[in-house]
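Visitor: I have a model to go through. Could you walk me through it?
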Amino acid sequence: MSLAKSANKPLPAAEGKAARAEARRAGGRRYLASLRYSLYVITHPFDGFWDLIHEKRGTLAAAHTFLILFLLTRVLKLMLTSFQFITAPVQYINVFQQMGSLLLPFLILCVANWAMTTLFDGKGRFRDIYMAMCYALVPYILIQLPMILVSNMLTYEEGSFYQVLLSFSVIWCAFLVFVGLMQVHDYGPGKTVIFLIVTVVGASIIIFLLLTFFSLLSDAASYFISMYREIFFRLN
Amino acid sequence: MKAFRRVISLLCLLALLLPGLAAAEDGFSTSYTYTYDYWEEPQESPDAYRVATVIDSMTLGLENLEGIRISKAQSLFVRDDRIYLCDTSNNRIIEILREGNRFSVRRVIREMKGAEISTFSQPYDVFVDPEGNLYVADFGNQRVAKMDRDLNWVQDFVKPTDATFDQSLNFLPKKLVVDVAGRVYALCQNVNKGLVKYEADGTFSGFIGANTVSISMGEYIWKRYFQTKEQRAQTASFVPTEYENIYIDEDDFIYATNTVFSEYDLKYDNAKPIRRLNSLGTDILIKNDRFPPIGDLTWLEGSDNYGPSKLTDITVLQNDIYVALDRTRGRLFGYDSQGILLWAFGTKGNVEGAFTGAVSLDHMGYDLLVLDQLENSITVFQTTEYGQTIYDASETYLEGRYDESAEQWRNVLKMNANYPLAFRGIGRAVMRQNRYEEAMDYFRLAHDRENYGRAFKLFRKEWVERNIWWIVLLLAAVLIVPLTIGRVKKLKGEVVAHELGKVRK
């Protein structure tokens with residue numbers, strides 16, 4: 001916004017620079033505040049998610065950050081966790097494949113949830129759903145990232161401690177997803193449960209359509225390629 | 001000049017022969033040895049065994065002796081330096097004496113003295129106790145016949161008249177073992193209650209080691225509530241399966257193999273293709289590897305011999321090392337007492353070291369003898385340096401000579417750097433010398449989590465003891481610094497408030 005304004009009105013260079021710097025600082029402050037706000041969200045989910053969306057306490061930038069951190073945590077966990085606790089064939093792991101296999105379902109589920117809830121008076125926009133989901137990943141990052149380090153200080157027999165904390169982080173995340181969707185759409189708990197199930201169904205339909213689309217596309221492409229070849233050979 | 005030429009030509013001839021000899025020295029190229037790595041992938045390894053010789057009707061001179069070749073031989077038994085071969089189709093048992101790598105027929109046993117039915121009919125298995133008494137699973141005559149070393153008939157073990165034995169069934173003994181006390185355990189066709197057990201005097205004393213029936217919840221509900229009576233009659237009923245083969249070890253534990261199972265159950269240890277039965281018939285086989293001993297873990301989709309290993313026979317060497325024979329792919333699998341795969345080798349085919357119809361297996365010391373019922377030959381395998389070093393290493397470890405064992409495992413690693421057991425062996429020895437960090441490295445390479453955990457625990461303890469002062473200092477710093485900062489801030493606040501108060505006044 002500030003950039004657009006300064007482009008329209010020829011302001012003195014020094015003033016424009018100062019205004020831009022000021023805007024940048026304000027944006028930075030807001031970003032940092034929204035990052036810090038995640039701690040409030042995960043400890044007070046009902047209040048937190050409501051304010052996150054309706055009081056605009058969250059930012060998309062922070063949501064992106066959490067998603068990226070989540071993917072990084074996942075990969076680092078596979079790579080660096082002590083081999084006593086994880087059976088990852090490190091020699092076969094493709095980092096981007098690992099990230100993709102998490103990112104794609106995440107986005108598909110967000111889209112499916114948005115598509116379904118829009119039809120049944122869900123209040124959330126796609127942006128809100130995405131933001132809530134990303135904020136719900138925070139306990140995973142906060143617990144699992146340090147646990148990578150901790151796993152290297154534990155022995156096999158002490159593994160139950162490690163396992164309990166990991167399970168705890170996942171349960172926490174699941175709870176946050178539930179509450180987050182509830183607050184975003186202004187649903188009751190029962191309706192949220194139903195729409196979680198509906199979301200999964202919707203996601204499978206999306207995957208089915210995507211697969212069909214790509215297979216048809218490749219069929220069509222191969223048809224044109226073979227036609228081109230046929231003509232090419234005939235002409236020769 | 002002529003002599004010179006002769007020498008040259010002789011040398012040329014030798015040179016031509018040498019590559020052939022060298023190839024033979026390298027072991028058989030027709031077969032290969034492998035182990036499975038942590039990721040269930042077969043990793044080639046040096047040969048643990050190589051073919052010493054192959055015995056068949058020709059090499060034994062049976063054509064001249066009896067005029068009849070071995071036909072559909074079903075079983076092989078070794079006692080000291082004698083091999084007893086059940087020549088099933090010819091209703092005879094051939095006793096072969098081994099001297100070095102020379103094998104010669106000592107006796108051909110066709111009948112015994114003093115019995116009502118003195119000849120055999122399709123003898124499926126033979127057992128010889130340390131005193132030299134022979135036990136024959138006389139399949140066609142429905143008995144187990146016992147005779148002494150001079151072939152005088154002693155007694156018959158016949159169909160039990162007990163009510164627990166289904167009297168409508170024929171008594172068809174296929175395999176048998178005898179324990180130190182002279183008790184006979186017979187594996188009978190169509191009997192699924194376990195092994196038929198006789199006391200030494202011939203009285204039937206019950207069944208032992210019945211296979212348990214395993215059925216999943218879903219399967220049960222499906223069969224019980226969703227199938228019609230006709231469907232239920234057509235599908236197999238829930239009956240325990242028969243064993244395939246049995247072997248009795250030095251400590252009178254019976255090893256039994258089982259080839260009827262669903263493929264899915266194998267890796268989850270529900271199929272239990274190899275069992276070690278105690279006197280109560282309970283399976284007490286030790287399984288300390290990632291997967292239970294089941295033969296091959298993976299097989300190529302669409303290959304000729306597709307499917308799980310069907311372990312058709314088993315034999316137990318010293319130190320509870322056991323070897324199982326797979327008839328699906330004609331392979332041998334060696335496991336140590338902990339159930340860890342030592343080596344696997346063998347293949348299907350007609351060349352030396354390959355089998356077409358492997359059916360029976362026994363050992364002589366560390367040598368392995370495999371009977372092929374289609375080739376009607378016995379292949380004798382001898383350990384290579386590699387195989388022997390593995391045996392020596394595990395033996396010295398069991399005897400408590402850990403350093404020596406580690407040295408031998410190092411030799412194994414020189415021959416095969418892909419051998420997890422060697423890393424584990426060295427790791428354990430190194431750990432005993434309190435070199436924990438080094439031990440951790442070895443255990444990591446062996447993917448041995450429990451032992452790594454143990455070594456790491458000791459290493460961690462040592463590390464903490466060494467760095468205790470740094471840890472205390474760090475903790476103190478972490479605790480004291482925020483406290484002081486808080487204090488300073490508070491003081492500052494008070495000063496500021498005081499100043500403000502002054503201004504306001």
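Guide: One definition to begin with: two residues are in contact if their C-beta atoms, placed from the backbone, lie within 7 Å. This is a predicted model, where local features need pLDDT of at least 70, side-chain atom pairs count only at pLDDT 80 or more, and totals for chains, interfaces and linings use all residues. Residues are numbered from 1 along each chain as its sequence is written, and chains are lettered from A and ligands numbered from 1 in the order in which they are written.

Visitor: What covers the buried residues of α7(B)?
Guide: The cover includes α6 (385–398) and α8 (420–432) of chain B. Helices (H or I, at least four residues) and strands (E, at least two) are DSSP runs, numbered from the N terminus.

Visitor: Which residues of α7(B) are buried?
Guide: Ser405(B), Ala406(B), Gln408(B), Trp409(B) and Val412(B) are. A residue is buried if 20 or more other C-beta atoms lie within 10 Å of its own, exposed if 12 or fewer, and partly exposed in between, with C-beta atoms placed from the backbone.

Visitor: And how do they sit around the axis?
Guide: They fall within an arc of 165 degrees seen down the axis of α7(B), so they line one face of the helix. The arc is that of the directions from the helix axis to the C-beta atoms. Exposed residues Asp403(B) and Lys414(B) are on the face turned away from the buried side.

Visitor: Switching to chain A. How many helices and strands?
Guide: Chain A has nine helices and zero strands.

Visitor: Why is it more spread out than a compact globule?
Guide: The radius of gyration of chain A is 23 Å, well over the 18 Å that the globule rule gives for 236 residues, so chain A is more spread out than a compact globule. That radius is taken over C-alpha atoms, and the rule is 2.2 Å times the number of residues to the power 0.38.

Visitor: What share of chain A counts as buried?
Guide: 27% of its 236 residues.

Visitor: What follows α8(A)?
Guide: Asp186(A), with a positive phi near 60 degrees.
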